[in-house]
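Subject: Structure for your review

Dear colleague,

Please find the structure below, handed over for your use. I would be grateful if you could read the notes after it with the coordinates open.

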Amino acid sequence: MNRFLSAALCFLLAGCAAKGEVGATQTPIRFLLTFDDGPATWSLLDKPSTVRVLETLADNPVQPGIKAIFFVQTRAWNSGGSEAGRELLRRQHAEGHLLAVHTGTRGSHESHVHLPREALEQSLADAKGDIAAIAGAPPRLVRPPFWAYDESTLAAYARAGLGMLLTDLSANDGVVWGINFSLRKRSNLRAQLERLGGRLPVLDGVTPVVATLHDVNSHTARNLAEYLRILVEEAQAAGLQLAPKPFYDARADLERAALRRALQAPRNERGASYNPPLLPQPASR
């Protein structure tokens with residue numbers, strides 16, 4: 001078995017064995033907010049959903065000035081591959097958010113597992129180059145589309161110098177079949193918060209807890225302030241202590257926390273670090 005995959009599975013088992021440890025230790029948690037699949041470049045309403053997300057992160061009743069990681073599609077025809085998409089990527093970086101790799105292919109949301117090795121490595125290189133041209137430095141994080149990965153994709157990420165970041169909490173807003181709203185926002189996140197456990201690492205006196213939404217979902221974008229409030233309220237209801245600032249508000253701190261939570265290549269100087277307890281089973285080709 002590939003040793004990257006072995007490390008991931010070992011950490012998963014350790015997390016299951018130590019379920020509830022976060023709540024027991026009462027180390028304050030801080031939400032590490034992430035968004036997938038964008039940027040969204042069009043809308044039937046007054047503005048694209050990615051724009052709404054950016055506006056809410058900047059100005060909301062919970063914590064103004066929240067910074068997030070956007071796992072972006074840099075070349076998808078309906079996303080970062082258009083001029084409107086590139087302008088949104090530039091805006092995300094200019095407003096202090098962190099850009100990371102989701103896809104680097106012209107097709108939208110193409111699975112890394114199904115790409116031939118050469119095509120996957122070229123797509124990762126293209127995405128890194130696209131982001132570096134905007135941010136001034138290549139990204140260090142990747143999240144696979146459909147959350148699908150295998151030994152080969154993990155090895156490709158390692159060769160590209162990318163750490164794979166999955167999640168602890170999901171809004172379950174990524175798969176939309178005609179209806180893009182949820183009647184279970186609160187109960188869904190509460191259940192996941194109550195299950196939160198494992199040997200989650202502490203950085204700068206807080207435990208980074210990864211939460212994932214989709215900025216391409218117009219319902220999510222319109223109701224993001226509610227999601228932020230639910231995360232805070234339900235964490236408190238679940239007995240979890242929150243940091244004075246419950247969300248990250250500086251890009252450098254956000255990136256350090258994400259790298260601490262990401263699965264790194266063993267040859268990286270950081271070594272293999274903890275991967276989230278909701279690590280899905282790897283896909284098989």
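Predicted model: local features only at pLDDT ≥ 70, side-chain atom pairs only at ≥ 80, totals over all residues.

**Nonpolar cores**

The largest nonpolar core contains 49 residues. Phe 31, Leu 33, Phe 35, Leu 57, Phe 70 and Leu 124 are the residues with the most contacts inside this core. Helix 9 (residues 224–237) contributes the largest share of the core, 7 residues.

Leaving aside residues up to four places away in sequence, Phe 31 touches Leu 169, Leu 193, Val 209, Leu 231, Val 232, Ala 235, Leu 242, Pro 246, Phe 247 and Tyr 248.

In helix 7 (residues 185–195), the buried residues are Lys 185, Asn 188, Leu 189, Gln 192 and Leu 193. These residues span an arc of only 130° around the axis, which places them on the same side of helix 7. The buried residues of helix 7 are covered by elements including strand 1, strand 6 (169–170), helix 8 (218–222) and helix 9.

Helix 10 (residues 251–261) has Leu 254, Ala 257, Ala 258, Leu 259 and Arg 261 buried. Among the elements that cover them are strand 1 (29–36), strand 2 (69–73), strand 3 (98–103), strand 4 (141–142) and strand 7 (207–214).

**The contact between helices 3 and 4**

The axes of helix 3 (residues 49–58) and helix 4 (residues 83–94) come within 11 Å and cross at roughly 10°. Angles under 35 degrees count as roughly parallel, and helix 3 and helix 4 are therefore roughly parallel to each other. On the helix 3 side, Thr 50, Val 51, Leu 54 and Glu 55 take part, and they meet Leu 88, Arg 91 and Gln 92 in helix 4. By type, the residues of this contact divide into 3 nonpolar, 2 polar and 2 charged.

Val 51, which lies in helix 3, has a relative accessible area of 11% and is buried. Not counting residues up to four places away in sequence, Val 51 touches Leu 88 and Arg 91. Val 51 and Arg 91 are 40 residues apart in sequence, while their C-alpha atoms are 9.2 Å apart in space.

**Backbone features in the loops**

Most residues other than glycine have a negative phi, and most peptide bonds are trans.

- The peptide bond from Gly 38 to Pro 39 is cis, with omega near 5°. Pro 39 is found in the loop between strand 1 and helix 3.
- Asp 37 lies in the loop between strand 1 and helix 3 and has a positive phi, near 85°. With a relative accessibility of 12%, Asp 37 counts as buried.
- Trp 147 has a positive phi, near 60°, and is placed in the loop between strand 4 and helix 6 (151–159). With a relative accessibility of 23%, Trp 147 counts as partly exposed.

With kind regards

Note on methods. Residues numbered from 1 in each chain as written. Heavy atoms only, no water. Core = buried A, V, L, I, M, F, W, Y, C linked by side-chain atoms within 4.5 Å. Buried < 20%, exposed > 50% of the residue type's maximum accessible area, 1.4 Å probe, protein only. Helix = DSSP H or I, 4+ residues; strand = E, 2+ residues; numbered from the N terminus. Contact = heavy atoms within 4.5 Å. Axes fitted to C-alpha atoms, helices over the stretch in contact; angles between N-to-C directions. Parallel < 35°, antiparallel > 145°, perpendicular 65-115°, else oblique. Nonpolar A, V, L, I, M, F, W, Y, C, P; charged D, E, K, R; others polar. Arc of directions from axis to C-beta.
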